[in-house]
Amino acid sequence: MTFSVKATAAAVVFALAIVCQSAGAKNACETNSPVTLATALKLGTEKLTKITGESECGQDFAARLYATAKRIETEHALARRDLELVLQLDVWREALSKCRVGSWDLAYYYHGGGTMWGHGAARDCAPLEDFLAGLAKRLPFADGKGSVKAAKQIDDAIAFIKKIKPHGEDAESTEGSKAQFHAEVEQVTGYWDHLRYLIKEIPADEAKRIVAIAGDSLRWLRDDEGR
């Protein structure tokens with residue numbers, strides 16, 4: 001599967017705006033000392049909290065620092081090969097980030113609120129960048145025909161999302177709450193539809209890996225639904 005620079009430029013700008021963004025991540029903590037690229041990569045998210053603090057906000061910020069460092073490392077390596085590969089990777093970052101963060105947003109509405117879902121979304125950028133670092137080494141993808149199994153997993157995910165209903169304390173207390181939840185469902189299933197389109201012409205193994213990392217984000221909702 002190939003991408004042109006022109007076709008992906010807009011996606012890159014948008015991806016920069018959404019990665020690591022959530023209710024829990026908007027008010028980032030600050031550190032008392034500089035954190036370098038090498039330090040963030042060496043320490044990882046857990047040990048970085050010794051610098052950022054171990055509060056919820058500190059954990060969010062540690063994840064964002066690590067993800068930023070990992071992204072820079074990955075993009076630098078790709079740029080030394082071909083700058084267009086950086087743009088290709090961003091297409092996958094945007095698509096996967098939307099699906100994964102969308103799952104946390106759905107969990108928030110499903111439970112009728114709660115800060116843990118915002119924190120989960122804020123920290124999701126770290127494991128995503130680890131995955132993308134591995135994917136980047138295999139770019140550019142050869143042309144392929146996707147994966148029937150992966151496409152079915154996307155269809156199953158969409159069907160599951162459409163069937164869930166909010167059950168939190170205030171989740172269905174007003175028509176506005178219901179409408180907001182249904183609007184979120186429509187938006188998130190749109191992200192999954194787009195991911196299905198993206199995997200159509202890549203090798204089957206890559207399609208399976210990509211859909212697996214996207215689908216993993218639904219585990220909280222699946223567990224709560226007993227599925």
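**View 1. Helix α2 bends by about 115° at Gly44.** This is a predicted model. Helix α2 covers residues 37–52, 16 residues in total. Its end C-alpha atoms lie only 15 Å apart. A straight helix would reach 22 Å at 1.5 Å a residue. Just after α2 comes Gly53, with a positive phi of about 100°.

**View 2. The buried residues of α2 pack against α3.** Which residues of α2 are buried? They are Ala40, Gly44, Leu48, Thr49 and Thr52. Gly44 also marks the bend in α2. The partner helix, α3, spans residues 56–81. An α-helix has 3.6 residues a turn, so residues three or four places apart point the same way.

**View 3. Helices α3 and α4 cross at roughly 140°.** Helix α4 runs over residues 83–110. The two axes come within 6 Å. Angles over 145 degrees would count as roughly antiparallel; α3 and α4 are therefore oblique to each other.

**View 4. Residues of α3 meet residues of α4.** From α3 come Arg71, Thr74, Glu75, Leu78, Ala79 and Arg81. From α4 come Leu83, Leu85, Val86, Leu89, Asp90 and Arg93. What kinds of residue make up the contact of α3 with α4? The residues divide into 6 nonpolar, 1 polar and 5 charged.

**View 5. The protein chain has 10 helices and 0 strands.** Along the sequence, the pattern reads α-α-α-α-α-α-α-α-α-α. Of the 227 residues in the protein chain, 46% are buried. Take the contacts between residues at least 6 apart in sequence: 80% of them join residues at least 24 apart.

Notes:
Residues are numbered from 1 along each chain as its sequence is written. This is a predicted model: local features need pLDDT of at least 70, side-chain atom pairs count only at pLDDT 80 or more; totals for chains, interfaces and linings use all residues. Side-chain values use heavy atoms; hydrogens and water are left out. Helices (H or I, at least four residues) and strands (E, at least two) are DSSP runs, numbered from the N terminus. The expected span of a helix is 1.5 Å times one less than its number of residues. The bend at a residue is the angle between axes fitted to the seven residues ending there and the seven starting there. Buried means under 20% relative accessible area, exposed over 50%, partly exposed in between (1.4 Å probe, protein chains only). Contact means heavy atoms within 4.5 Å. Axes are lines fitted to C-alpha atoms, for helices over the stretch in contact, and angles run from 0 to 180 degrees between N-to-C directions. Angles under 35 degrees count as roughly parallel, over 145 as roughly antiparallel, 65 to 115 as roughly perpendicular and the rest as oblique. Ala, Val, Leu, Ile, Met, Phe, Trp, Tyr, Cys and Pro count as nonpolar, Asp, Glu, Lys and Arg as charged, and the others, Gly among them, as polar.
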